Amino acid sequence: MQVTPVSARFPRITRHAAVVVLAAVAGLVGVSVQPASAAPPGVPTKATAQSQLNALTVATQGSTSGYSRDLFPHWITISGSCNTREQVLKRDGTSVVVDSSCAATSGRWYSPYDGATWTAASDVDIDHVVPLAEAWRSGANSWTTSRRQSFANDLTRPQLIAVTDNVNQSKGDQDPSTWQPPLSSYRCTYSKMWITVKYSWGLTLQSSEKSALQSMLNTCSS
């Protein structure tokens, strides 16, 4: 099922709209769907994010030469049979039910990037807020594999978030100078997440990226 703006997901509208209509007739869905209360941890205040942005080193963006996602091992086992992706699905979802292997069999996921809500885990990606390739170009190319693994599975900072799959795919490895969440009201939070992740991991940023982040941060009230 999907509850989403028409412009956000054209390829799935027909299939999901049919499910919504049938469910509504059966009385199985309400008039509105509220976002889940869970959110990535460690999102700083505007003031803290501003201080962190000011402290970040501006440098020419590096190359992707030698980059491979395999150099950032994920998803790793976090607890029992649950890996990082499954942990984030449980954290960011509402009424999530998992099977014996920790795979989500039902639940509801609100994607703050585009305002869509999904009830199938297969419609949800776990986004690396600072993409792995972007991290590589910003200093992670010199890290050990162990450090890159920690970065790719970071549940302590706001680096991982459940979002609509094809919105995540449209983002790819772009930084905020070329890609920002379609839902403009979330760009304040997105900038604070991006800034604190780069600051915490000692990554650099390019001048156009810093300018974009500052513009987004300026929209924050706190």
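Buried here means under 20% relative accessible area, exposed means over 50%, and partly exposed is in between, with a 1.4 Å probe and protein chains only. Helices (H or I, at least four residues) and strands (E, at least two) are DSSP runs, numbered from the N terminus.

What you have above is a predicted model: local features need pLDDT of at least 70, side-chain atom pairs count only at pLDDT 80 or more, and totals for chains, interfaces and linings use all residues. Residues are numbered from 1 along each chain as its sequence is written, and side-chain values use heavy atoms, with hydrogens and water left out.

The overall picture comes first. The protein chain has 8 helices and 8 strands. Of its 222 residues, 41% are buried. For contacts (heavy atoms within 4.5 Å), take those between residues at least 6 apart in sequence: 72% of them join residues at least 24 apart.

Two strands pair if DSSP finds at least two bridges between them. Within this pairing, Asp127 stands opposite Ile161 of β8.

Next, the disulfides. A disulfide is a covalent bond between the sulfur atoms of two cysteines; the criterion used here is a pair of cysteine sulfur atoms within 2.5 Å. The structure holds 2 of them. Counting bonded cysteines along the chain, the pattern is 1-2, 3-4.

One is the link of Cys82 and Cys102, with the sulfur atoms 1.9 Å apart. Cys82 lies in strand β3 (residues 82–83) and Cys102 in the loop between β4 (93–98) and β5 (104–111), so this pair ties together parts 20 residues apart in sequence. The link of Cys82 and Cys102 is right-handed, with 90° about the S-S bond. Both Cys82 and Cys102 are buried.

The other joins Cys188 and Cys220, whose sulfur atoms are 2.0 Å apart. Cys188 lies in helix α7 (residues 187–200) and Cys220 in the segment after α8 (207–217), so the parts tied together are 32 residues apart in sequence. The torsion about the S-S bond of Cys188 and Cys220 is about 120°, so this disulfide is right-handed. Cys188 is buried, with a relative accessible area of 13%, and Cys220 counts as buried at 5% relative accessibility.

That brings us to α7 and α8 themselves. Their axes are 8 Å apart and the packing angle is about 135°. That makes α7 oblique to α8. Axes are lines fitted to C-alpha atoms, for helices over the stretch in contact, and angles run from 0 to 180 degrees between N-to-C directions. Angles under 35 degrees count as roughly parallel, over 145 as roughly antiparallel, 65 to 115 as roughly perpendicular, and the rest as oblique.

Which residues meet across this pair? Those in α7 include Cys188, Tyr190, Trp194 and Ile195, and those in α8 are Glu209, Leu213, Met216 and Leu217.

Last, Gly202, in the loop between α7 and α8. Gly202 counts as exposed, at 59% relative accessibility. Gly202 and Ala140 are 62 residues apart in sequence, with 9.0 Å between their C-alpha atoms.
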